[in-house]
Amino acid sequence: MSAASGRVQEARKECIVSLQGKEFSFLERCKCKPIKATQKTYLRNNYNYVIRAKVKEVKTKCHDVTAVVEVKEILKSSLVNIPRDTVNLYTNSGCLCPPLNANEEYIIMGYEDEERSRLLLVEGSIAEKWKDRLGKKVKRWDQKLRHPGKGRNEPGQSDSAQKSGRATNPRQRRN
């Protein structure tokens with residue numbers, strides 16, 4: 001599913017409410033608009049962290065949803081220390097958007113709650129099934145974010161000339 005198609009992913013959460021000694025269970029549908037991991041989105045959203053992680057479980061307690069993940073690789077981190085261990089990803093709503101499935105490995109891009117030293121998985125965050133190719137792309141995008149002047153699209157040079165350090169026009173060469 002892509003964001004361009006306008007489709008919405010649904011996640012379900014169960015909430016158990018106690019009322020006058022009786023417990024009632026109800027399912028609430030969450031509508032999550034998926035965000036595709038593209039260079040434009042990555043540069044625009046300036047995520048605080050990017051990790052490769054395997055989802056251990058998704059915990060739901062009424063309006064609090066937490067994803068427990070095992071961090072496999074840290075592609076980007078900011079102020080919150082991210083251990084290569086089991087960590088919690090917190091939501092700011094009762095829905096886990098983007099949705100995550102247990103025992104799946106994802107690339108996750110999100111934000112931090114610096115005051116509480118927490119990783120957040122909130123609206124605007126990205127979670128896509130892990131692919132090595134996507135991990136390499138993210139590393140390249142992060143270089144562009146850190147060094148905006150450097151890049152492949154410098155005027156007057158082709159990709160091959162830039163790699164070799166030579167100008168494309170032979171008249172521009174130094175003798």
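User: Why is Y47 called buried?

Analyst: Buried means under 20% relative accessible area, exposed means over 50%, and partly exposed is in between (1.4 Å probe, protein chains only). Y47 has a relative accessible area of 0%, so Y47 counts as buried. A quick note before we go on: this is a predicted model, where local features need pLDDT of at least 70, side-chain atom pairs count only at pLDDT 80 or more, and totals for chains, interfaces and linings use all residues. Residues are numbered from 1 along each chain as its sequence is written, and side-chain values use heavy atoms, with hydrogens and water left out.

User: What makes Y42 and W141 a tilted pair?

Analyst: Rings of Phe, Tyr and Trp (its six-membered ring) pair if their centres lie within 6.5 Å; planes under 30 degrees apart are stacked, over 60 edge-to-face, and the rest tilted. Here the centres are 5.8 Å apart and the planes sit at 45°, so the pair is tilted. Y42 is in helix α1 (residues 39–45) and W141 in helix α2 (residues 132–146), so the pair ties together parts that are 99 residues apart in sequence. Helices (H or I, at least four residues) and strands (E, at least two) are DSSP runs, numbered from the N terminus.

User: Which residues form one aromatic cluster?

Analyst: Y42, Y47, Y111 and W141 do.

User: Are K76 and D142 buried or exposed?

Analyst: K76 has 11% relative accessibility, so K76 counts as buried. D142, at 5%, counts as buried too.

User: Why does R52 count as partly exposed?

Analyst: Its relative accessibility is 22%, so R52 falls in the partly exposed range. R52 also forms a salt bridge with E73, with the closest N and O atoms 3.4 Å apart. R52, E73, E105 and K139 are linked in a network of salt bridges.

User: What makes R118 a charge over the ring of Y90?

Analyst: The rule asks for NZ of Lys or CZ of Arg within 6 Å of the ring centre and within 35 degrees of the ring normal. R118 lies over the face of Y90, at 3.8 Å from the ring centre.

Conventions
Salt bridge = Lys/Arg side-chain N within 4 Å of Asp/Glu carboxyl O.
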